[in-house]
Amino acid sequence: MPARFSAVRRSLVLSAAFAPLASLVLTACSKPYVFHGVDITGVPYADGFSLTDFNGKTRTLADFAGKVVVMYFGYTQCPDICPASMQVVAQALYDLGEKARDVQFLFVTVDPERDTPEILKAYVTHFNPTFLALTGTPAQIALTAKDFKVYYKKVPGKTPGSYTMDHTAGFYVFDPKGKIRLFEREGVSAKDLAQDINALIEGH
C-alpha cells in the first residue's frame with residue numbers, strides 16, 4: 001500500500017478513536033449551571049409590583065428590563081438581619097465588577113409608617129449608591145408582600161414607636177427578561193449570590 005494512502009488511513013483511524021473524547025469534552029463544557037439559590041422559575045407568583053421609589057416615582061418591574069433585579073423585603077430599623085443582607089448584596093455587586101451595571105437591587109419596606117422616602121434613601125444608598133428603595137401605602141405593601149408570599153408582622157415594643165417587624169428574609173431574583181428565577185435564602189454568601197447573578201446575566 002502506498003505510503004500516502006497508509007497515512008490517510010491512520011489519520012481516519014485516529015479521528016475515529018478521538019471522536020468520543022471530543023464529544024465528552026464538549027459535553028463537559030456545556031454542563032448546565034447549578035444555582036446556589038432555590039430555582040423557582042415558572043412559579044405562579046412574584047410576577048411584578050407597582051410601588052413608589054424614594055424619589056416619588058412609580059416603579060414597576062418593566063422599568064428595569066434588561067437587568068437582573070434583586071428584591072429584598074425589610075425595614076430600616078431592623079437591628080441585624082437587614083443590614084447584614086444589604087452588605088451581602090453590596091459585596092456581591094462589588095465582586096461582579098463592571099457587570100454590576102446590569103443589576104438593580106430593590107429594597108421593599110415592610111414598615112411604611114416609619115420608613116419615609118428620606119429615611120429609605122439615606123439607608124439604602126449608604127450600602128451602595130445604585131440601590132433603590134420602594135414604598136407605598138400599607139395596603140400596597142400588603143398586596144405586594146402577598147404576591148411574593150412574604151410574611152411580615154409588627155411586634156410591639158415598650159413604646160408605640162419602638163416596635164420591630166418580623167419578616168421573611170431572603171432575595172427574589174429576576175432575570176434580564178423580567179422572569180422570576182431564584183429565591184436566595186438568608187445567609188447566602190456574597191460569592192454565591194454574585195455567581196448566580198452572573199449566570200443570569202449570561203443567559204442561564
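## Salt bridges

Asp111 and Arg114 join their side chains in a salt bridge with an N to O distance of 2.6 Å, the term being used where a side-chain nitrogen of Lys or Arg lies within 4 Å of a carboxyl oxygen of Asp or Glu. This is a predicted model, in which local features need pLDDT of at least 70 and side-chain atom pairs count only at pLDDT 80 or more, while totals for chains, interfaces and linings use all residues. Residues are numbered from 1 along each chain as its sequence is written, and side-chain values use heavy atoms, with hydrogens and water left out. Asp111 is buried, with a relative accessible area of 2%, and Arg114 also counts as buried at 13% relative accessibility; here buried means under 20% relative accessible area, exposed over 50%, and partly exposed in between, for a 1.4 Å probe and protein chains only.

The whole structure holds six salt bridges. Among them is the one between Asp53 and Arg59, whose closest N and O atoms are 2.9 Å apart, and both Asp53 and Arg59 are buried. Another of them brings together the side chains of Arg181 and Asp175, at 3.4 Å from N to O, and Arg181 and Asp175 are likewise buried.

## The sheet and its helices

An open sheet is formed by eight strands in the order E1-E10-E9-E4-E5-E6-E2-E3, with mixed pairing; helices (H or I, at least four residues) and strands (E, at least two) are DSSP runs numbered from the N terminus, and two strands pair if DSSP finds at least two bridges between them. Strand E1 (38-39) and strand E3 (58-60) stand at the edges, each with a single partner strand, so one side of each has no neighbour in the sheet. Strand E2 (residues 50-53) pairs with strand E6 (residues 132-135) in the antiparallel sense over two bridges, and Thr52 stands opposite Thr135 in E6.

Helix H4 lies across E2, strand E4 (68-74), E5 and E6, and runs at about 125° to E2. Helix H5 (residues 190-201) lies across E4, E5, E9 and strand E10 (180-185), and runs at about 175° to E10. For these angles, axes are lines fitted to C-alpha atoms, for helices over the stretch in contact (heavy atoms within 4.5 Å), and values run from 0 to 180 degrees between N-to-C directions.

## Aromatic pairs

The structure holds 11 aromatic pairs, where rings of Phe, Tyr and Trp (its six-membered ring) pair if their centres lie within 6.5 Å, and planes under 30 degrees apart count as stacked, over 60 as edge-to-face and the rest as tilted. The pair of Phe107 and Tyr123 is tilted, because the ring centres are 5.6 Å apart and the planes stand at 55°. This pair links distant parts of the chain, with Phe107 in strand E5 (residues 103-109) and Tyr123 in helix H3 (residues 117-127), 16 residues apart.

Phe148 and Tyr172 form an edge-to-face pair, 5.3 Å from centre to centre with 80° between the planes. Phe148 lies in the loop between helix H4 (138-147) and strand E7 (152-155), and Tyr172 lies in strand E9 (residues 170-174), so the pair ties together parts that are 24 residues apart in sequence. Phe148 is buried with a relative accessible area of 0%, and Tyr172 is buried with 6%.
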